[in-house]
Amino acid sequence: MIEHLNGEHYDKGFLLCLSALKKTELTKDQFGEILRTRLTRRVDTVVVVVDDKVVATAAIQIEPKFYGNVGHIEDVATLESYRGRGFGRMAVESCVAIARQNQCYKVILDCADHNVDWYTKLGFFKFENQMRKLKIKLEVAFLNYFRHN
């Protein structure tokens with residue numbers, strides 16, 4: 001039921017499941033290329049498969065730091081019709097197990113305010129703040145324009 005993401009999951013509805021977060025349209029070749037890149041960057045994506053369909057997913061990236069490893073959980077999604085059955089919990093707990101196997105000293109994730117209670121039930125707690133900078137590509141293009149003009 002819990003599997004590591006592979007090329008076969010494209011045809012089992014992985015992108016539909018992920019679209020619970022953000023609409024995602026990729027060809028099978030694009031999917032495969034991104035999957036290979038993610039694996040080389042230590043991103044492990046787990047999927048929960050029920051009746052040959054991906055119903056939940058979560059990903060963890062192991063970041064080696066100079067003082068230990070950190071697990072970053074991202075892309076937690078469950079098909080709406082399968083919510084409330086523990087599949088999302090299974091995906092997240094699988095990521096935490098991967099963090100343990102990689103001797104991470106902490107596991108962190110970002111979530112929307114309306115999901116805080118759900119993650120608290122899984123043993124996570126609010127800690128400090130997240131800062132974000134968006135549209136980095138536009139800023140780089142803007143800076144490059146002024147450097148050359």
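Predicted model: local features only at pLDDT ≥ 70, side-chain atom pairs only at ≥ 80, totals over all residues.
Modeller: Residues are numbered from 1 along each chain as its sequence is written, and side-chain values use heavy atoms, with hydrogens and water left out.

Biologist: Which strands form the open sheet, and in what order?

Modeller: Helices (H or I, at least four residues) and strands (E, at least two) are DSSP runs, numbered from the N terminus. Two strands pair if DSSP finds at least two bridges between them. Here five strands form an open sheet with mixed pairing, in the order β1-β2-β3-β4-β5. Because β1 (2–4) and β5 stand at the edges with a single partner strand each, one side of each lacks a neighbour in the sheet.

Biologist: In which sense do β3 and β4 pair?

Modeller: Strand β3 (residues 53–65) and strand β4 (residues 68–78) are antiparallel, with nine bridges, and a hairpin of two residues joins them. Ala56 has Thr78 in β4 as its bridge partner. Strand β2 (residues 43–50) also pairs with β3 in the antiparallel sense, over eight bridges; Asp44 stands opposite Ile60 in β3.

Biologist: How many bridges join β4 to β5?

Modeller: Five bridges join β4 to strand β5 (residues 104–109), and the two run parallel. Ile73 has Leu109 in β5 as its bridge partner.

Biologist: What unit do β4, helix α3 and β5 make?

Modeller: A crossover is right-handed if, with the strands pointing away from the viewer, the path from the first strand over the helix to the second runs clockwise. β4, helix α3 (residues 87–101) and β5 make a right-handed β-α-β unit.
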